[in-house]
Amino acid sequence: MTTATEPAPPAKEPKVNRLNLEKSAYKGLASTLCKGCGHDSITRAIIDSLFDYGVDPMKVAKLSGIGCSSKTSAYFLGQSHGFNSVHGRMAPIATGVALANRELLNIGVSGDGDTASIGLGNFLHMVRRNVPMIYLIENNGCYGLTKGQFSATADRGAVLRKGQTNELHVIDCCALAIELGCGYVGRSYSGDFKQLQALIKGAVAHPGTAVIDVISPCITFNDHDGSTKSFKYVKEHKGFLHDIDFRPFFGTEEVDYSPGETRVIEMADGSKITLGKINGSEYDPTDRFEALKLLDRAIDEKFYYTGLIYEEAGIKPLDEQLEMTPEPLATLPAERLRPTDECFNKIMDMFR
Amino acid sequence: MSATAAKTDAGLSPVVDGTVINDVVVEVATANGTGSQSANLILMRAIFYMGIPVSGKNLFPSNIQGLPTWFNIRANGEGWVARRPHPDFLIAMNPETAEADINALQPGAFLILRDSLKGFLKRDDLVVCECPFDKIVAGIVKGLLRKKVVNVLYVGVIAHLLGIDVEAIEKSIDWQFGTKKKAADLNKTAFRESLEWARENIPSQEKFQLQKSDANEGKIVIEGNEASAIGVVFGGATVLAWYPITPSSSVCEYAIDYFDKYRRDPATDKATYAVVQAEDELASMAMVVGAGWAGARALTATAGPGISLMSELAGLSYFAEIPTVIIDVQRMGPSTGLPTRTCQGDILKAYYLSHGDCKHVLLLPGSVEENYEFTMEALNLAEQLQTLVFVMSDLDLGMNYWVTDAFKPPTKSITRGKIVTAEDLENGVEFARYRDVDGDGVCHRTLPGTPHRDAAYFTRGTGHTDTATYSEKPEDWKNNMDRLVHKFETARSAVPAAKIETAEGGSEIGIIAYGSSDLAVREARHILARDHDLSTDYLRLRALPFGAEVDQFIRSHRVIYLVEQNRDAQVAGIIRAERPEFATKIKSVLHYDGMPIDAGVILARLLKDGSRENGSQ
């Protein structure tokens, strides 16, 4: 085939992922949170991870409860259905979504008030059921949307902006999740972009409940001296458990790591999480007791150990426990939802 | 003592040579957890097998073992089987209540008395049959089984006294024990022994007799909760989330059984449904909301305390327009109340459940058949109207035994309402989640996972525009709220219309009732017409919001008696609020002691008003 016109100089191709989608397909509305809010960094990490991973936005359900963090579900994946629901009830709402449509990737974003206070019971039961979903906690230790009251993830001894000291024991959602059988538990910090992305991608690959607790400072109400979740405090009191990376199953390059220095976790979909030793010390995220001990120690040390805290493969997710048909229940044709008249009449005969 | 004493509060069958044929109330007083339920059901079903209309009401305590329980069986050849308070026969098995039970009997009533309880008998105006049940059972079985088998002995005695067909009893025993042949045989032996004993030791009576009839052709015996469960499974429900609470638990337990049997894919044996027992009612309703949002036909079943907990999510379902269904099997409140007693006390609460301006569609089943039909209907309506739909059952319908025509297989197809698909979008259909394009207040929705880039929208409980974006603008808020009212008006004509029965020539007196009051109302009307020359018209409300036929009915009657099983005249309140012009026309007939309503309550009120009016004229 010939053409009369000269070919135009090639425009710079925008970067696309394996679904041929540009990053813009993963973006949402502009954030209305305070400038500098840790949550906005997490939103960016979500966008980048899902873009990199090549998650189909049309197969995602975004779920959230109520609070600053829950608002962020509007700020990413504009092409996904989203549900900013009720305070504390995101976990059971996501459970219902997961049952209605097994093909969806459920991404839940919640806060510490939502998760550790009003919705703690529901959160724990979701974990216990192993509902297939990613449950991100944007943890700032306070209630932002009601102007700075303590939440249940505030550390003992932490001081509020107005001077009150928290005398209560901290609720550690990671420890609770491990206790209740969660197979994927991570902790990160909103500023640690690379680690957070790796954890999110790993969560996408995990078939059951994946809980990621992200310490995310509240710049308006909890960023002062005396706070244990201020930017300054967290930066000075956190450490990486490992140098984490995520290798998707569709990648062609061999995983490049030095044996003895890197642990590799194979995920159910064939992707891999690599955990490089830091300063020669190795943390074993498959040892449940080690993980719980670490978290317990962290409370005394007032320190945030971040990375993949616990991983366990092979726990049946809820949809498998229920022996559900693989297609979404939501779109099963009517004839599969109603037994025959013959069955009906057989039932009637039992009552005669 | 003649049979007429018992006649005052009942519509009776023919009396032949002084014998009342096919009209009797038998009450059995036992202790909970002693296995008496089997014996009671054997007795009730035997009467059913004789072709006589019958009902069985289990008046049980909130207790697993030990507290008193009563089973009230009413057989009536003409089909008047609403509860009748004064039994013609009392079977007294429980020492704890024997004295009070005996003292409550009408003079002339029959008392079948476990002989160990004779110390409680302090009156001489009863026909007493002392029965050595413990001695008889000792001759049949040993050990702990005696405690269970002793119950079937009273079946033998009452069978002798009422002339219950032996074959019907044996057939009933077989039904009761199913494949447990050993248990069936043991019960048959015990029944025969006691029948023999009764024939030898208790003189026959001629006051009440049961005779074979043919009224039960094509009929079944069923509890309303099981009927609801059948509606769940045949209504195409896909997600059921629940939390155990009396008296609704058995809806879900029966549904689980039927799902397992009838809703697995024949090729793969995989479930076309999901059932989750949640951690509380907040969670069960949240699961239903999540599932409904994602496109499941989702429901829960609960009782009053449960709907209190579901309140916030009910508002979300209403405002975000998510199809959900709650079956409320009403029990006595407030608070824990009387968990094993019936009432219609949740109507107002359910109608307005949640904060802000909130209104819900309520279906009001008046029979176990409607438990089945309305459950299916609710699943359809929830999707058609994209909102929460309640099915307001109650303990009397749900947990008692009703003789009814065998249900027909579903005639209405499963409908999913206005769903925009990827194909529609590809074909240029415009999608705005909260835009009223059809003028009926019901908008279009897409389901999460729809493979089209224009399918997504953002659901929120906060203020929104018609394209589902966040808005705090006064006009957006008001427009949306007004559209929801418009949708509610659409619901008025979409819900099951009221049923109206008009007296010959019509009457200026109208009765309105709903739910489990139906049989008692119809019996009362029958007696008023037959014995008091007082004809009445009757409207049975089957849903809220009420349709135009209710307006018409109220308008065309001089006075309306609104029968309810609650203290605060809850439906009357709703009608008065929505139609203030009718406010003074409505007189309430209220019954709220926890027992199922009986015709006498309605009769007494109408007769009292009637005589007052006559006196003043």
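## Close-up views of a predicted two-chain model

**View 1. Polar contacts join domain 1 and domain 4 of chain B.** Across this interface, three residue pairs are in polar contact, both residues being at pLDDT 80 or more (N or O atoms within 3.5 Å; within protein, one must be able to donate a hydrogen and the other to accept it, and residues adjacent in sequence count only if both atoms are side-chain atoms). The side of domain 1 that touches domain 4 has seven nonpolar, three polar and five charged residues (Asp, Glu, Lys and Arg count as charged; Ala, Val, Leu, Ile, Met, Phe, Trp, Tyr, Cys and Pro as nonpolar; the others, Gly among them, as polar). This is a predicted model, in which local features need pLDDT of at least 70, side-chain atom pairs count only at pLDDT 80 or more, and totals for chains, interfaces and linings use all residues. Residues are numbered from 1 along each chain as its sequence is written, chains are lettered from A in the order in which they are written, and side-chain values use heavy atoms, leaving out hydrogens and water.

**View 2. R83(B) forms a salt bridge with D598(B).** Their closest N and O atoms are 3.5 Å apart (a salt bridge is a side-chain nitrogen of Lys or Arg within 4 Å of a carboxyl oxygen of Asp or Glu). Two salt bridges are found across the interface of domain 1 and domain 4 of chain B.

**View 3. E279(B) forms a salt bridge with R129(A).** Here the closest N and O atoms are 2.7 Å apart. Chain B and chain A have three salt bridges between them.
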